[in-house]
Amino acid sequence: MSDKLTDVQFWNGLEEVPRGLGPTAVTIGNFDGVHLGHQEVLTRLVAAAHEQAEPGEQPHPQAVAITFDPHPLQVHRPEESPVMLTGTAEKLQRLAETGIDALLVLHYNLDLAGLTPEEFVKTYFVDTLNAAVVVIGHDVRFGRGNSGNFETMVELGRRYGFAVLGVDDFALTGHSVAETERRCSSTWVREALDAGDVAAAAEVLGRPHAVLGEVVHGAARGRDLGFPTANLGRDSEGMIPADGIYAGWLVDAAGARWPAAISVGSNPTFHGVERVVESHVIDRPTEAVEDFDLYGQHVRVEFVERLRGMVAYKGVAKLVEQMYLDVEQTREVLARLRAE
């Protein structure tokens, strides 16, 4: 993942937005996961910003995405709030990679939630960002009690002088996960991860799903069995898929990308109780084997394909035999995907 945040203006709150900002193209959303549907809206936003420029005018109006932290459900109904697909840093990075010019992150609280649709639009879109065009999905909801919708935005655009561009739902068609058309959504990704279907999640996201965290010391059972693992700490970010064994990648702090057999679960063979994500990096160069130390590094673990569910084996020998098979299957899966 490239460091696109350095190329994007980042405003953490209203007070950081430059005064006298020129005309902009604006969109708004929670963008949990930044899946293909979100990416379609953001692509249209960037195009709309360029289309707003007069012939020969440089630079074009800026494409600005507004998002919230925390997610509104975590404020209003925390007991019903789903696990976020990504942490905030990962979300902002993914948003930055879409080609937008600026990100405005609003701290979501009850004061912000209490603004009427018109108060919200006038404060942020009109007075702060000087919006020339607003790009949104037809299912948008905003303002107090989610009382504002697409038609509300169109009416406010007439009142305050900005155009509104509606973006239709983005449906997956012709993909292995889409027997019938279904709109891309964060809910769909969560359902797939809950089922361990990381391949389906990747198709909706447009990339492999990832969990990010610091590598910490574990029980060292894998090392004792000949399969040393990099264990993520409890503070990892990103929704953890269903228990099982996966083929995937580990990206270290230097950006090196390593093939990995990934285990998610509580080590039932050893009567474990704590759920962990641990990655066994395979096929390292010979010279890197002895000094390959990931402890303390912040890494990303990318899930490509589920190999099997979690099983409690009767005896260590059976477990080790299966681990060799898991590594070989991981090799085959990743080789096949590289060849496609």
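## Thr330 in helix α10

Thr330 is found in helix α10, which spans residues 316–339. The model is predicted. Is Thr330 buried or exposed? Its relative accessibility is 0%, so Thr330 counts as buried, the cut-off being under 20%.

Beyond its neighbours within four places in sequence, Thr330 is in contact with Tyr246, Ala247, Ala260, Ala261, Ile282 and Leu307. Ala261 lies 69 residues from Thr330 along the chain. The C-alpha atoms of Thr330 and Ala261 are separated by 6.0 Å.

Six strands form a closed barrel. The order is β9-β10-β13-β12-β11-β14, and the pairing is antiparallel. From one strand to the next, the twist averages 45°.

Strand β11 covers residues 244–251, and strand β12 covers residues 257–265. The two run antiparallel and are joined by eight bridges. Gly244 has Val264 in β12 as its bridge partner.

Which strands does α10 lie across? They are β11, β12, β13 (276–281) and β14 (298–308). Helix α10 runs at about 100° to β14.

## Helices α5 and α6

Helix α5 (residues 117–128) and helix α6 (residues 150–160) have axes that come within 11 Å. These axes cross at roughly 55°. The two helices are therefore oblique to each other. Their crossing is right-handed.

On the α5 side, the contact involves Pro117, Glu118, Val121, Lys122, Phe125 and Val126. On the α6 side, Thr152, Met153, Leu156, Arg159 and Tyr160 take part. By class, the contact of α5 with α6 has seven nonpolar, one polar and three charged residues.

Notes
Residues are numbered from 1 along each chain as its sequence is written. This is a predicted model: local features need pLDDT of at least 70, side-chain atom pairs count only at pLDDT 80 or more; totals for chains, interfaces and linings use all residues. Side-chain values use heavy atoms; hydrogens and water are left out. Axes are lines fitted to C-alpha atoms, for helices over the stretch in contact, and angles run from 0 to 180 degrees between N-to-C directions. Helices (H or I, at least four residues) and strands (E, at least two) are DSSP runs, numbered from the N terminus. Angles under 35 degrees count as roughly parallel, over 145 as roughly antiparallel, 65 to 115 as roughly perpendicular and the rest as oblique. A crossing is left-handed if the near helix is turned anticlockwise from the far one by less than a right angle, and right-handed if clockwise. Contact means heavy atoms within 4.5 Å. Ala, Val, Leu, Ile, Met, Phe, Trp, Tyr, Cys and Pro count as nonpolar, Asp, Glu, Lys and Arg as charged, and the others, Gly among them, as polar. Buried means under 20% relative accessible area, exposed over 50%, partly exposed in between (1.4 Å probe, protein chains only). Two strands pair if DSSP finds at least two bridges between them.
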